[in-house]
Amino acid sequence: MHKEINQEFLETIVADVIEQASIEGADQAEVIAFKDTGFGVTARMGDIENIEYTNGCGLTVTVYINSRKGTASTSDLNSSALKETTRKACSFAKYTAADDCSGLADEGLMANGKLPDVDLQHNWSISVDSATKMAIECEAAALNLDEKIVNSEGGNVNTNTATRVYGNSHGFLKSHQKTNHSVGCVVVASQENEKQRDYWYSSSRHPEDLENHKQIGKKAGLRTLNRLGSKKIDTTEAPVLFSPQLAGGFIGHAISALSGSAQYRKASFLLDAMEKKIFPDFLSIEERPHIPRGMASRVFDAEGVTTQDRDIVSNGKVEGNLLNSYSARRLNMITTANAGGYHNLIVPGTTDDQQAIISTMRRGLLVQELIGQGVNNVTGDYSRGAAGYWIENGMIVHPVHEVTISGNLLDMYKNILMIGNDYDQKSGIRCGALLIDKLKISGN
């Protein structure tokens, strides 16, 4: 490959592949091309452990012939390889079953015309030497905090620029670039026969939005030290408070259950939940795709459909599913522009923050880490290992480990009591600390 693989080049080859697909007999075609560049540095115990450079590219073509679908991918962007990939996709389509619901999203839904600027590209002109120094200083801020911090899984600095081009045979072809930068640290503390680990990190589209790297290391160290002296508690039933870093994932189980694929496969604990009250009156889930610098901001989805603001849950009632064009057709509905996932979900809070919620609790568990994947999206059964802090009379009493929290998501969602406004902007689901009334906590 002699040509520079830039945004303009990727747009050219996407257009060429769409044309080639038509020549090969495709009724419809869609193509996505990408290029990712960047590097990451990891420091461990004061030395550089790893420097990794990324420079990858590729293309995927999907064709539809008589409602039969064929897909092929390549990382070789030479013209001969692209033609061969297109031929393969067309030949694969001959062997798949016809499906009337397959095909491109409707032409009238394409994101043509002027689109909002969501401000996703901010390159970080940091050298490897500077990133190395930053990673070492980040880790040192944790290691030097206390002699109980005895080991490290590393301080790391990463920067990445992603270029994406999407085009289809409706004549739609658009591209965008986005950057992602992060700094993080993980350390281990030891006391007598006990060892604990914890972390902290910051990520953003723009390097100026990152937390200070030394503060990240210090926070990782403090979080780790605070976990020393963890106890296993007796089995009980008590309120459970998810930290802002975990609350988004808890809401995410409902989002997965409301996805089009879960709905048409009838593999969802929220089957046919439209217009049903699943959450308390005060809870809403808003999709806001055009937040500047948002980690899940998109002006069009993975099928070229225009994204727009909407409410998925309003006053506790489900107002919308998350559909791409295929799942929408299976359900006799219209795509919600969620091909490729959700776009910045916001759960407005009812109080200030985690500390404000803790101050109201007579007793209960603050969960800061979840272990395992014990969530059944079909039945809603929930059982996960947890670590965090025990609360009594509005104050943290001691750290807790080796417990399991369990319940059913339908009951858990109905029993949400409070939500903080301290949401994690690093997440695509922005939800603050979230308190649930009475969950089973299994310990001794």
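Predicted model: local features only at pLDDT ≥ 70, side-chain atom pairs only at ≥ 80, totals over all residues.
Two packed helices are described by the angle between their axes and the distance between the axes. Helix α3 covers residues 128–143, and helix α4 covers residues 213–226. Their axes come within 7 Å. They cross at roughly 35°. The crossing of α3 past α4 is right-handed. On the α3 side, the contact is made by M134, E137, C138, A141 and A142. On the α4 side, H213, K214, I216, G217, K218 and G221 take part. By class, this contact has five nonpolar, three polar and three charged residues.

H213 is placed in α4. This histidine counts as buried because its relative accessibility is 14%, below the 20% limit for buried residues. Residues up to four places away in sequence aside, H213 touches M134, E137, C138 and V183. M134, E137 and C138 belong to the α3 side of the helix contact.

Aromatic rings form a further set of contacts. A pair of aromatic rings is described by the distance of the centres and the angle of the planes. A search of the whole structure finds nine aromatic pairs. One of them joins F172 and F300 in an edge-to-face arrangement. The ring centres are 5.5 Å apart, and the planes stand at 80°. F172 lies in the loop between β4 (149–168) and β5 (173–191). F300 lies in the loop between β8 (285–287) and β9 (310–314). The pair therefore ties together parts that are 128 residues apart in sequence. Both F172 and F300 are buried.

F269 and Y413 form a stacked pair. Here the centres are 6.4 Å apart, with 25° between the planes. F269 sits in the loop between α6 (260–264) and β8. Y413 sits in helix α9, residues 409–414. The pair links distant parts of the chain, 144 residues apart. Both F269 and Y413 are buried. These two residues also belong to a cluster linked by ring pairs, together with F242, F250, F279 and Y382.

Charged side chains also lie over aromatic faces. K219 is placed over the face of W200, at 4.0 Å from the ring centre. R298 lies over the face of F300, at 5.9 Å from the ring centre. F300 is also the partner of F172 in the edge-to-face pair.

Helix α5 spans residues 244–257. Eleven of its 14 residues are buried, so the helix is largely enclosed by the rest of the structure. The buried residues of α5 are P244, L246, A247, G248, F250, I251, G252, H253, A254, I255 and A257. F250 is also part of the ring cluster. Leaving aside neighbours within four places in sequence, Q245 is in contact with Y199, W200 and D424. W200 is the residue whose ring face lies under K219. The C-alpha atoms of Q245 and K94 are separated by 47 Å, and the two residues are 151 residues apart along the chain.

G394 lies in the loop between β13 (381–392) and β14 (395–408). This glycine is buried, with a relative accessible area of 10%. Residues up to four places away in sequence aside, G394 touches Q355, I358, S359 and M361. G394 and S427 are 33 residues apart in sequence. Their C-alpha atoms are 28 Å apart in space.

Note on methods
Residues numbered from 1 in each chain as written. Heavy atoms only, no water. Axes fitted to C-alpha atoms, helices over the stretch in contact; angles between N-to-C directions. Helix = DSSP H or I, 4+ residues; strand = E, 2+ residues; numbered from the N terminus. Left-handed = near helix turned anticlockwise from the far one by under 90°. Contact = heavy atoms within 4.5 Å. Nonpolar A, V, L, I, M, F, W, Y, C, P; charged D, E, K, R; others polar. Phe/Tyr/Trp six-rings, centres within 6.5 Å; stacked < 30°, edge-to-face > 60°. Buried < 20%, exposed > 50% of the residue type's maximum accessible area, 1.4 Å probe, protein only. Lys NZ or Arg CZ within 6 Å of the ring centre and 35° of its normal.
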